[in-house]
Amino acid sequence: MRPELKEYNLDKLFAATFRVARNLGSSTPGEIKNVLKYTPYVSGLLEPVLATGQPAVTFFDLFNDYYSNIINAKENGKKVVMTTFCFDPSVFYAIDNLAPVTLEIGTALTSMLWKRGSADFMDYCTELGFSETGCSSQRGAMGAYLAGLGAEINLVALNMGGVCDTNANAYNFAAQYLNIPYYGLDYPSELTTQEVREYHHKDYRELINFLQENTGCKFDIDRLREVLEEKKKQDALMSEIDEMQRLVPNPVPGIYHIMIYAARYTYSGKKKFTKLLGEMTEIVRDNAVNGRSGLKNGVEKNRTFLVYIDNYALGISMFEWFQKKGISHMGNILSRTFNEAAPYTTGVPGTTYKIDTTSLDTMIDSLADINARMPMTRTIRGPYDAPNMWLEDSLSLAKQYSADCCLYNGTPGCRNTWSNIKLLSRDLEAMGYPTHISHADSFDTRVETWEATETRLEEFYQIRGLL
């Protein structure tokens, strides 16, 4: 790694950025303009998020708290646990001395906030011996922690083993390199049988034993109940936003999607996330009552559903391009919770989760059910066209949200999606949904620049008559 890069501490960089950003909520437009003039690399993210109003202040405040918690973990006697985006962090907040680090969020933020992106950190993982064909979504932040340019990681706990091998391998590599304890929950081979459900409940209890043994703390049942009751409120608010998104025009600003799932994967069960969702819901309700689009120009020309993830090129280039073209972002699989009240769930018993706070056992079972139904864990765990899988979910969501077309973004290392995406695209096309496959890396612009991605998108929307 270049010596220059070792001058940056990733956690402190993020905390400082968000600490300054949260104070911009009380600034005048002129003051904000001057600040952004001196911060050209971060303005691509800060400016469009600030345009959302009060939710922006809460979003920046939430992430300032999140990274400050990581920075001060050792001083406050907390252990730092490395985890993945498809692992609900509520469980960590039920233990007083745990601070979670979610790698994929760190990678996305690095890609959006730094002009150099996270390329050096990705390459550093390769220098240490990790496969360069692995998913970039972990490596972009993982390299910083392996190089000692972030918090000291004490343990690793995650979902996904078997669903996404590159994800599980990345965390396994980090645990071995750092010589720290590791626990990976098994993936759900299917969702609806009692046998599988019981297995996951037992597996989750082993995870809890692992956390207690490696932190020296036991679960606080009152804290766990408080976290899960808060998560109930969050699920209800997200479901309301999802429901209103079915309206034409769609009243939900596209940038809300990334703000929601970024906060969910880091602050699930925390009151500040509930506050953020409440502020967003009020704005969406007002848009819905007044028949107003969530787009800045108010003119919805197209409704696009993303069958996987978003593109996190410098700033939020894809979201801004959608705004310019009048394309309404209808969310992606990361936007979905699959709680029992969600408007897009199929109604098949076992495919959703329910939070039951009656006793410690019911709460642990609820956590296990949530983790077995996290977006990628639930949707992309096997054959794309099997029941309750990627094709069924994509078709259900595209239909419910009246999508005009579908779009795939991913990373070259995502073997689970690349092994199926052309088959999925063929079937979506056959059902009347024109589908574009982006060959860019959502986190690494060296694979394909945003300008090249934009050209291909222009071609798709124009030639297919979608605008």
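Me: How many of the residues of α12 are buried?
Reply: For helix α12, 13 of its 13 residues are buried, where buried means under 20% relative accessible area, exposed means over 50% and partly exposed lies in between (1.4 Å probe, protein chains only). Helices here are DSSP runs of H or I with at least four residues, strands are runs of E with at least two, and both are numbered from the N terminus. Keep in mind that this is a predicted model, where local features need pLDDT of at least 70, side-chain atom pairs count only at pLDDT 80 or more, and totals for chains, interfaces and linings use all residues. Residues are numbered from 1 along each chain as its sequence is written, and side-chain values use heavy atoms, with hydrogens and water left out.

Me: OK, and what should the span of α12 be?
Reply: Helix α12 covers residues 255-267, and its 13 residues should span 18 Å at 1.5 Å a residue. The expected span is 1.5 Å times one less than the number of residues. The end C-alpha atoms of α12 are 18 Å apart, which agrees.

Me: Which residues of α11 meet α12?
Reply: K231, Q234, M238 and I241 in α11 meet I260, R264 and Y267 in α12, with contact meaning heavy atoms within 4.5 Å. These contact residues divide into four nonpolar, one polar and two charged. In that count, Ala, Val, Leu, Ile, Met, Phe, Trp, Tyr, Cys and Pro are nonpolar, Asp, Glu, Lys and Arg are charged, and the others, Gly among them, are polar.

Me: At what angle do the axes of α11 and α12 cross?
Reply: They cross at roughly 165° and come within 13 Å. That makes α11 roughly antiparallel to α12. Axes are lines fitted to C-alpha atoms, for helices over the stretch in contact, and angles run from 0 to 180 degrees between N-to-C directions. Under 35 degrees counts as roughly parallel, over 145 as roughly antiparallel, 65 to 115 as roughly perpendicular and the rest as oblique.

Me: What about the loop between α11 and α12, which residue is found there?
Reply: P249 is found in that loop. A cis peptide bond joins V248 to P249, with omega about 0°.

Me: Switching to α10: what does its buried side pack against?
Reply: The buried residues of α10 pack against β1 (79-83), α5 (90-93), β2 (98-102), β3 (155-161), β4 (182-186) and α15 (360-371). Among those buried residues are V196, H200, Y204, L207 and L211.

Me: How far apart are the axes of α10 and α15?
Reply: The axes of α10 and α15 are 9 Å apart, and the two helices pack at an angle of about 105°. That makes α10 roughly perpendicular to α15. The α10 residues in the contact include R197, H200 and R205, and those of α15 include D361, D365 and D369.

Me: New topic. Is N179 buried or exposed?
Reply: N179 counts as exposed, at 69% relative accessibility. This residue is in the loop between α9 and β4, and its phi is near 55°, a positive value in a residue other than glycine.

Me: And N388, buried or exposed?
Reply: N388 counts as buried, at 9% relative accessibility. N388 also has a positive phi, about 60°, although it is not a glycine.

Me: Last one: what does A174 touch?
Reply: A174, in helix α9 (residues 165-178), touches M82, M142 and L146, not counting residues up to four places away in sequence. A174 is buried, with a relative accessible area of 0%.
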